[in-house]
Amino acid sequence: MKKNTSIFKIIVANCSFLFILFIFGFAKAQPEVYTKAVEMAQKGNPQDGLNLLKTELNADSKNTELLYYTGLYLEQLKNIPKAVELYKEAVKIDKTNFEANYRLGFLYEKVDSISQAFSYYEMALSHVPASKEQEKNTILGRIIILSDEAEKFDEETIKYADEYFESEDIDNIPPPVALSLANILYQNSEYEDAQELTKSILEKTNSNAYPIQKAAFIYTSCAFRLQDFDGMTTYYARIKDEKLKTELENTAPQYYYNLGYAYFFMYDFDRSMRYLRTALTIKPDYSSAQIFLNKVEDQNTDKSDAIYHIKKKIELSKELSHDAAYYYDLTRLFVYEKRYNEAIKVADSSLRLEPNRHEVYFLESIANYKTNRDKEGIVIIQTALKNFPKLDNETRSKYYFLLGLLYKRTQNYGEARKAFEQSKRGIFEDASHWEIKSITSK
């Protein structure tokens with residue numbers, strides 16, 4: 001729809017109609033002059049009613065109540081530009097005028113002027129009278145729908161979404177608001193809440209209309225991310241739109257591939273294999289996942305021969321020169337073989353020889369993590385991040401992800417969250433979201 005940011009170029013409708021009282025939830029107690037004007041309109045004399053209001057307004061031009069009700073009357077006569085003018089005058093005199101701000105938000109929304117609608121709705125939300133506290137959710141609902149339409153999923157929007165979701169019974173949320181709210185929560189990785197909302201929509205109807213398919217898409221997408229294997233198929237058949245199906249079929253296996261990749265670099269091979277196999281279950285021809293799964297499975301092969309040969313190379317190098325690369329390779333092999341105490345000793349030797357090998361810091365931290373020496377692991381990772389400020393993005397994400405795991409196990413959830421936020425980029429983004437979610441309630 002074309003946005004009209006000039007101001008409501010709407011043709012004034014023919015006034016030869018039966019005037020019907022404009023009803024909406026935020027109307028104040030009507031002043032007597034407005035009531036008389038409405039009565040005149042209902043008797044077929046809308047212009048006389050308008051003249052009455054204008055006479056009163058001319059006598060008291062700064063009366064915000066008269067400005068508002070004259071604007072309301074003009075809105076009913078379809079004279080939207082003039083109504084907007086009076087609402088704005090009321091707000092100019094008193095920016096806390098709840099009703100005028102709301103009507104301006106509503107009218108700007110009607111002509112798809114989203115930024116202005118947002119502004120007035122937010123102003124109305126900031127000045128809800130105590131007597132109308134129950135109307136907050138009505139305004140929040142409009143803000144949520146507009147946010148979804150504008151793909152505005154920032155912190156401010158999630159704040160409004162959480163406020164609405166926490167204060168409204170899920171069964172009472174209108175379906176359009178519920179769907180927009182679910183999408184906002186989904187985009188912000190609030191997967192449990194988004195799944196609950198879409199479930200409430202899907203349980204109430206057998207329709208296959210596009211909005212219902214979108215609800216099924218969000219529900220199923222959340223199920224993938226929550227590793228809810230039953231939920232992955234519950235409503236999948238209701239998604240008929242090819243674009244939605246294609247997006248789901250592509251993003252779901254990619255999500256599990258990303259998790260498999262992330263935990264591979266944490267040397268959690270069992271978990272990595274489980275995620276990669278899930279990706280292949282969803283999409284059997286996912287060649288990248290199969291190739292990577294083969295690589296993960298290869299880590300379970302016996303490394304004793306390789307360790308023996310590296311040790312021999314180290315012994316020989318002592319007679320010539322100390323080669324830190326051998327120590328690095330031996331550290332890595334010891335970690336693969338779960339010989340973590342030996343890995344820590346060799347890593348120390350490697351760093352004494354060549355302190356600029358950032359990979360060794362990571363391996364030593366992994367070995368500490370695997371042996372529950374979390375405090376030592378934290379110190380090592382922090383040292384690496386301090387000493388190597390120009391690490392590439394993926395390496396930096398990997399270090400912060402491990403740091404988050406270390407803090408998580410020490411139950412320092414605040415620092416864990418900060419670390420996972422730092423790792424939330426590239427291939428580690430999905431795993432970081434998952435870990436953040438796992439500590440949200442703690």
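I began with Asn372, which is exposed, with a relative accessible area of 54%, in a model that I note is predicted. Asn372 lies in the loop between α19 (358–370) and α20 (374–387), and its phi is positive, about 65°, although Asn372 is not a glycine. I kept in mind that most residues other than glycine have a negative phi.

I then looked up Gln411, which has a positive phi of about 65° and is not a glycine either. I found Gln411 in the loop between α21 (393–409) and α22 (413–423), and at 58% relative accessibility Gln411 counts as exposed.

Next I turned to aromatic pairs, of which I count 28. Tyr108 and Tyr120 form a stacked pair, with 5.8 Å centre to centre and 5° between the planes. I place Tyr108 in helix α5 (residues 98–110) and Tyr120 in helix α6 (residues 114–126), 12 residues apart, and I find both Tyr108 and Tyr120 buried.

I also checked Tyr267 and Tyr336, a tilted pair at 5.2 Å centre to centre with 55° between the planes. Because Tyr267 lies in the loop between α13 (242–264) and α14 (269–282) and Tyr336 in helix α17 (residues 324–336), the pair ties together parts that are 69 residues apart in sequence. Tyr267 and Tyr336 are both buried, and ring pairs link them into a cluster whose members include Tyr257, Phe264 and Tyr286.

Finally, I looked at charges over rings. The charged end of Lys283 sits over the ring of Tyr286, 5.5 Å from its centre, while the charged end of Arg225 sits over the ring of Tyr255, 5.1 Å from its centre.

Notes. Residues numbered from 1 in each chain as written. Predicted model: local features only at pLDDT ≥ 70, side-chain atom pairs only at ≥ 80, totals over all residues. Heavy atoms only, no water. Helix = DSSP H or I, 4+ residues; strand = E, 2+ residues; numbered from the N terminus. Buried < 20%, exposed > 50% of the residue type's maximum accessible area, 1.4 Å probe, protein only. Phe/Tyr/Trp six-rings, centres within 6.5 Å; stacked < 30°, edge-to-face > 60°. Lys NZ or Arg CZ within 6 Å of the ring centre and 35° of its normal.
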